[in-house]
Amino acid sequence: MQNLSELFPSLDAERRRQLLALPSGKVDAVLDTDTFNEIDDQFALAFAMLSPESLTMKAVTAAPFFNRRSSSPADGMEKSYDEILNVLHLLKCRTDGFVFRGSESYLKDAVTPVDSAAARRIVELAREARAEGRILYLIAIGAITNIASALLMAPEIIDSVVVVWLGGHALDTIPNREFNLHQDVSASRIIFESGVPLFWIPCCGVAEILMIALPELKRRCEPCGEPGRFLYGRTEEFLNRDPAVQKVIWDIATIACFAVPEAVHSRIIPAPVLKENSDWELAGNRHEIRLIHYLERSRIFDALFRRLEAFARS
């Protein structure tokens, strides 16, 4: 397996500790999202935009996806771009110079970036943060192609960014064919091999606790005005109006790290090795990352719907 770490500068131990520290106060962030893939990205985007006390959102970037809801990664990205605009219009947020189209394909290998407006904007914002001594948090809730491409374009930015990614399953979960990770394994390997500071949120084993069924969702969305009706309608359609089916709202876990940090429990671990077949391997002498290992479901949902209700009343 190629040693991808050689493509990137090394962070000294003190700088890595600074970047892996739990954020305090308001931080700058980019949200990278495959918004039309399911319905949880829409909730996460709304959560982020309605948490101005915690997040200064610098950009939202559209990630590629390819499944039954798209005809290609490029089509998935374009549909996600349009859905980002839908959510932001509902929330009365600006879109010009704020929303960027991402990659139209996945990485062909682990050394060649895919050029896109999203990757270029991430590099620009990271360089601005670096010049001003700030940290830029890159919150990723889809295939991580755009962010991996940005890192390949400008490896020096790893000392001024922190990636917060929901992808892959917990280390003891087999097989590790989680959608975000497995769509672009080359990009996923870059995130674990580059040494970029990483807050990692596994799906099965951690984020799966954020499960909700339509009756509870309907009750909680009713006081939330037009955005609540939109989010409930998207979910009802996705679940074929079956009240017995529960849906995990996976992606709000990433925003909870900032909006309700007391409900997010984590620890520092050595980075696992992501093999080319998507399996995990534990190895010694690895750089450290922050693993999110437990989420408090009720507190996270309460924080989300409290913000949506406040917006509806405003």
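A crossing of two helices is called left-handed if the near helix is turned anticlockwise from the far one by less than a right angle, and right-handed if clockwise. By this convention, helix 5 and helix 7 cross in the left-handed sense. The structure is a predicted model, in which local features need pLDDT of at least 70 and side-chain atom pairs count only at pLDDT 80 or more, while totals for chains, interfaces and linings use all residues. Residues are numbered from 1 along each chain as its sequence is written, and side-chain values use heavy atoms, with hydrogens and water left out. Helices (H or I, at least four residues) and strands (E, at least two) are DSSP runs numbered from the N terminus.

Eight strands form an open sheet in the order 3-2-1-4-5-6-12-9, with mixed pairing; two strands pair if DSSP finds at least two bridges between them.

On to strand 6 (residues 198–201), strand 5 is joined by four bridges, and the two run parallel. In that pairing, Val164 stands opposite Phe199.

How enclosed is strand 5, then? Six of the six residues of strand 5 (residues 161–166) are buried, so this strand is largely enclosed by the rest of the structure. Buried means under 20% relative accessible area, exposed over 50%, and partly exposed in between, with a 1.4 Å probe and protein chains only. In a regular strand the side chains alternate between the two faces of the sheet. Both faces of strand 5 are covered, with Val161, Val163 and Trp165 buried on one side and Val162, Val164 and Leu166 buried on the other.

The helices come next. Strand 4, helix 5 (residues 145–153) and strand 5 form a right-handed β-α-β unit, where right-handed means that, with the strands pointing away from the viewer, the path from the first strand over the helix to the second runs clockwise. Helix 5 packs against helix 7 (residues 185–193) at about 55°, with their axes 9 Å apart. Axes are lines fitted to C-alpha atoms, for helices over the stretch in contact, and angles run from 0 to 180 degrees between N-to-C directions. The two helices are therefore oblique to each other, given that angles under 35 degrees count as roughly parallel, over 145 as roughly antiparallel, 65 to 115 as roughly perpendicular and the rest as oblique. Residues of helix 5 that meet Ala187, Ile190 and Ile191 of helix 7 include Ile147, Ala148 and Leu151, contact meaning heavy atoms within 4.5 Å. Nine of the nine residues of helix 7 are buried, so helix 7 is largely enclosed by the rest of the structure. Just after helix 7, Gly195 adopts a positive phi of about 90°.

Two loop residues complete the picture. Lys92, in the loop between helix 3 (73–90) and strand 3, has a positive phi of about 60° although it is not a glycine. At 70% relative accessibility, Lys92 is exposed.
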